[in-house]
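Q: Hey, could you walk me through this one? I'm new to reading structures.

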Amino acid sequence: MTKQEVDSLLRAAQPLIDLAIAEDIGPGDATSEAILAADAVLKGRIVAKSAGVIAGLPVAEAVFRRVHPDIEFIAHVDDGQEVVPGELVAEVRGPGRGLLAAERTALNFLQRMSGIATLTRRFVDAVACTSAAILDTRKTLPGYRVLDKYAVRMGGGLNHRMSLYDMILIKDNHIAAGGIIPAVARARTACPDLPIEVEVRSLDELCQALSITPSVERIMLDNMSLEEIRQAVSITAGRVPLEVSGNITLEGVAEAAATGVDYISVGALTHSVKALDLSMEVGRVEETSIPDLSSRVARLKSILGERLVILGHHYQRDEVIAFADFRGDSLKLARDATQTDAEFIVFCGVHFMAETAAILAKPGQHVLIPDATAGCYLADTATLEAVQAAWDVLETVFGDADAEFTPITYVNSSAALKAFCGRHNGVVCTSGNAAKVLDWALEQRPRVFFFPDQHLGRNTAKRMGIPLHEMLLWNVHYPPNPEAIRQARVILWPGACNVHQRFRPEHVAAVRERFPGVRVIVHPECKMEVVDLADDVGSTAHIIRQVEAAPPGTRWAIGTESRLVHRLQREHPEQLVISLADVPPFCRTMGQITLPKLAHVLEALAGGELVNEVCVEAETAHWARKALERMLELG
Ligand code: SF4
């Protein structure tokens with residue numbers, strides 16, 4: 001989020017803030033003025049009561065300052081960041097009467113905008129495995145257009161036109177006046193500088209729109225069935241970007257995106273807003289502060305001594321990673337897990353990582369995770385059943401899939417998929433060793449089935465010189481035809497990480513313009529279009545090494561999870577380190593591991609109780625270990 005973006009948000013918000021304050025406070029807050037002393041100073045904590053994405057912090061701050069300029073507002077998260085229930089969003093301190101008078105209005109803005117950002121993120125996550133982007137519409141609350149559309153961007157969506165003046169959108173009512181082709185011609189003549197989008201309601205109208213030269217900038221498929229959309233994608237063959245519009249629900253959006261369209265517009269993002277549940281607690285601020293919890297965790301660690309080892313992934317919160325005995329990415333932590341003899345391994349990361357540690361653990365070792373529900377969006381895109389169904393199709397096409405394919409699973413996957421690879425003479429890989437593993441796999445058999453991350457698979461294979469036409473993206477809704485399968489050397493599962501997927505090519509162009517000489521370094525879970533534009537690509541360990549080795553004054557725009565980027569910023573003040581994206585993406589599930597949860601697990605351990613132990617069923621663990629050991633042998 002740039003300063004200009006915040007400035008333009010606040011310019012649009014100011015009259016709304018004035019209106020809202022006049023409406024709510026009027027001549028004064030009768031209750032606070034009657035009860036609170038004029039010089040009373042209060043502190044308040046704005047806390048999330050449900051999970052969601054925060055948007056509108058600058059507006060909330062402006063409300064408090066408008067009511068009383070001495071109120072201090074300290075944000076504890078950024079706009080665009082996901083929060084979990086109980087998480088501290090912001091603190092306010094200052095004149096008590098002003099603070100209480102501003103509370104409702106500030107929360108109303110923050111809750112509404114965060115509600116929009118939260119719903120947008122749900123849609124964006126639902127299509128993360130495809131190349132479709134989520135767009136908003138003009139169905140915004142009158143007067144709130146800039147705020148609503150800002151919130152959509154914080155949720156990871158893109159803005160469609162802002163108003164009627166900045167784009168031509170020819171709809172059925174315009175077409176009724178004389179047909180698509182004359183309407184486009186008239187619009188092009190009248191407004192040669194504006195992009196043109198044409199709405200079509202049938203494949204016949206689509207063909208008319210496609211026949212126009214020069215071509216229109218976008219075609220909107222209005223209220224078409226899934227089958228019609230698929231046909232439209234096939235007919236258009238990439239000549240003009242396609243947008244799907246009309247009655248798109250959260251349940252149906254993934255299937256619509258899987259047809260191959262470029263954009264999906266969703267009016268519900270802004271016309272059916274459910275406010276995010278946030279509240280402000282006044283006065284009760286210090287009960288479990290981070291310093292208190294830190295000393296509790298430190299004390300428990302020293303009680304457990306060498307019986308305990310804590311592993312922490314780079315994307316963990318600062319206050320949690322501070323207690324990690326070993327810090328690293330998936331590959332390093334998998335190795336660290338095999339090196340320790342500690343009786344208890346507490347894994348501060350997501351579930352598949354703890355599962356990996358449990359598979360590699362020695363007899364008598366216990367692996368625990370502070371929050372057993374901390375999953376991974378990417379890992380969840382591939383279930384054993386779905387991968388098995390795809391394997392069955394490969395069996396049908398080739399007769400013996402085992403002779404033809406080496407299955408490779410990225411370590412970000414369930415134990416069941418690692419076991420699948422173990423059973424089929426396959427292997428696990430991480431972002432740090434994917435090329436080495438892919439090379440080995442292609443020496444074993446002519447083809448590779450790579451899951452769940454399509455981007456890691458594609459980026460790695462491309463860097464090894466495998467042409468794109470030898471790679472095939474699997475489609476779980478519409479499996480490819482046998483001929484296409486036979487021509488593929490690398491079959492890619494259509495999974496993606498919803499954090500790394502949010503970096504876009506236009507972010508690279510924007511940072512290069514704003515920061516001349518900046519080096520763009522990205523994680524290979526980013527899309528190929530982003531990786532191709534970057535100066536360097538590599539695992540989180542690689543990214544850290546590059547920043548550590550760079551001379552003072554180096555400028556970095558980093559395409560990976562934002563907690564790591566922020567930590568690098570603090571650890572390298574001699575360099576400029578920024579997130580590649582304008583709305584820095586955080587991994588929600590990594591953020592589920594909090595200091596209170598870590599303290600809870602350690603407290604239970606010190607009391608002789610195992611909570612949240614991660615266990616893998618023996619048969620699954622046996623085969624998964626085979627695939628993991630193959631990877632560890634490869635290095
Ligand atoms: S950053 Fe992406 S791949 Fe990593 S744990 Fe989060 S969702 Fe999974």
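Predicted model: local features only at pLDDT ≥ 70, side-chain atom pairs only at ≥ 80, totals over all residues.

Q: OK, in what order do the four strands of the open sheet come?
A: They go 3-5-1-12, and the pairing is antiparallel.

Q: Which strands stand at the edges?
A: Strand 3 (72–75) and strand 12 (278–282) do. Each has a single partner strand, so one side of each is left without a neighbour in the sheet.

Q: And what does the twist average from one strand to the next?
A: The twist averages 20°.

Q: How many bridges join strand 1 to strand 12?
A: Five bridges join them, and the two strands run antiparallel. Strand 1 covers residues 41–48.

Q: Which strands does helix 4 lie across?
A: Helix 4 (residues 96–126) lies across strand 1, strand 5 (88–95) and strand 12. Helix 4 runs at about 155° to strand 5.

Q: New topic: which residues touch the most other members of the largest nonpolar core?
A: That's I264 and A357, in a core of 194 residues.

Q: What does I264 touch?
A: Leaving out residues up to four places away in sequence, I264 touches V127, A132, I134, L135, V244, I248, V253, A256 and A257.

Q: And A357, where's that?
A: A357 is one of the buried residues of helix 15. Helix 15 (residues 351–360) is mostly covered, with 10 of its 10 residues buried. Among them are H351, E355 and T356, along with F352 and L360.

Q: Is V67 buried or exposed?
A: V67 is buried, because 24 other C-beta atoms lie within 10 Å, and the cut-off for buried is 20 or more. V67 is found in helix 3 (residues 57–67).

Q: What does V67 touch?
A: V67 touches I21, G98, A101 and A102, not counting residues up to four places away in sequence.

Q: How far apart in space are V67 and G553?
A: They're 41 Å apart, C-alpha to C-alpha, and 486 residues apart in sequence.

Q: Last one: how many residues surround the ligand?
A: There are 13, and the closest are C376, Y377, L378, C497 and C587.

Q: How many in that shell are nonpolar, polar and charged?
A: The shell around the ligand has nine nonpolar residues, three polar and one charged.

Note on methods
Residues numbered from 1 in each chain as written. Pairing = 2+ DSSP bridges. Axes fitted to C-alpha atoms, helices over the stretch in contact; angles between N-to-C directions. Contact = placed C-beta atoms within 7 Å. Core = buried A, V, L, I, M, F, W, Y, C linked by C-beta atoms within 7 Å. Buried ≥ 20, exposed ≤ 12 C-beta atoms within 10 Å, placed from the backbone. Near = placed C-beta within 6 Å. Nonpolar A, V, L, I, M, F, W, Y, C, P; charged D, E, K, R; others polar.
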